Amino acid sequence: MAPREVLTGNDEVIGQVLSTLKSEDVPYTAALTAVRPSRVTRDVAMVAGGLGRQLLQKQPASVVIHPPVSYNDTAPRILFWAQNFSVAYGGRWEDLTLITFNLQKFSLAGSFWNDSFAVLALTYEQLFGTTVTFQFILVNRFYPVSARYWFTMERLEIHGNGSVVYFNASQITGPSIYSFHCQYVSTYGDNGNILVPDTQPSLWQITLKDFQIQAFNVTGEQFSYASDCAGFFSPGIWMGLLTSLFMLFIFTYGLHMILSLKTMDRFDDHKVPTITLTQIV
């Protein structure tokens, strides 16, 4: 018999035995063994309230998570991570995710850190036929109103082809004890347009998917709690609020009209003279 048919038959037998034990409320301990591993991944999962079993179940493909880029002097100082890091120059796109987070074929020369100022410099050789450096510049300031330190990524600089391009990134901000996370950090308006070039149009385009960075109060190789760029009032929430307010206005106006109705306070009585209306010419 084929291995799959054998496993299927054993699965049915085990199911019958366990069903019988469960129906008679008999406590049991089961040890499932085999001569050798099956060619198909097997997963026997213990779930609350009973035993879930599916011998031929395949495990879902796990998502590959690469480690963050870390700048260290005496300890980790700056952490940077993205699910996808893509750059375009003159309409030509390059995916830097693999060489940045897995192979780490870049240089951190030029990076700098202190308590109030940090620069993460990523230098790539032979990118678009030249050496290109990306500099993430962050500052840490104390704000008396909130009585706490906040960091801001003031700009992103791209050094390449003998020139420097500046992108305003002041929307990347948060308490300095937190990291910053955003689903998309991009130069495109469809993705939030968080990176705004100083000169328009720009030959450089950048897209960072699932972006996260932390340059202050870093502990080890782990990000702190993330301050997310997603605002509380999304377009859907605003639409729902406006629609609800409009419906509330209609309900209030209708209720006011109903309460304003007045009944007649005088009626005809056959015991007294009838009400007559004299026409005035």
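Is Arg92 buried, partly exposed or exposed, and at what relative accessibility? Arg92 counts as partly exposed, at 47% relative accessibility, where buried means under 20% relative accessible area, exposed over 50% and partly exposed in between, with a 1.4 Å probe and protein chains only.

1. Basis of the note. This is a predicted model, in which local features need pLDDT of at least 70 and side-chain atom pairs count only at pLDDT 80 or more, while totals for chains, interfaces and linings use all residues. Residues are numbered from 1 along each chain as its sequence is written, and side-chain values use heavy atoms, with hydrogens and water left out.

2. Salt bridges. The structure holds five salt bridges, a salt bridge being a side-chain nitrogen of Lys or Arg within 4 Å of a carboxyl oxygen of Asp or Glu. Arg92 takes part in one of them, with Glu94, at 3.1 Å from N to O, and Glu94 is itself partly exposed, with a relative accessible area of 25%. Another joins Arg77 to Asp73, whose closest N and O atoms are 2.7 Å apart; Asp73 counts as partly exposed at 42% relative accessibility.

3. A bridge between strands. Arg141 and Glu154 meet through their side chains in a salt bridge of 2.5 Å, N to O. This pair links distant parts of the chain, since Arg141 lies in strand S9 and Glu154 in strand S10, 13 residues apart; strands (E, at least two residues) and helices (H or I, at least four) are DSSP runs, numbered from the N terminus. Arg141 has a relative accessible area of 37% and is partly exposed, as is Glu154 with 28%. Salt bridges that share partners join Arg141, Glu154, Arg155 and Glu157 into one network.

4. The hairpin of S8 and S9 has two residues between the strands, and Phe128 in its turn has a positive phi of about 60°.

5. The disulfide. The count comes to one disulfide, by the rule that two cysteine sulfur atoms lie within 2.5 Å: Cys182 is joined to Cys229, with an S to S distance of 1.9 Å. The pair links distant parts of the chain, with Cys182 in strand S13 (residues 179-186) and Cys229 in the loop between strand S16 (226-228) and helix H3 (235-259), 47 residues apart. The torsion about the S-S bond is about 70°, so the disulfide is right-handed. Cys182 is buried, with a relative accessible area of 3%, whereas Cys229 is partly exposed, with 33%.

6. The annotated segment. An unreviewed UniProt entry carries the annotation "transmembrane region" for residues 237-261; UniProt positions are given in the numbering used here, feature names are shortened, and annotations may be inferred rather than shown by experiment. Over residues 237-261 the chain is 92% helix and 0% strand, with the end C-alpha atoms 37 Å apart. Leu241 lies in helix H3 and is partly exposed, with a relative accessible area of 37%.

Definitions and conventions
Pairing = 2+ DSSP bridges.
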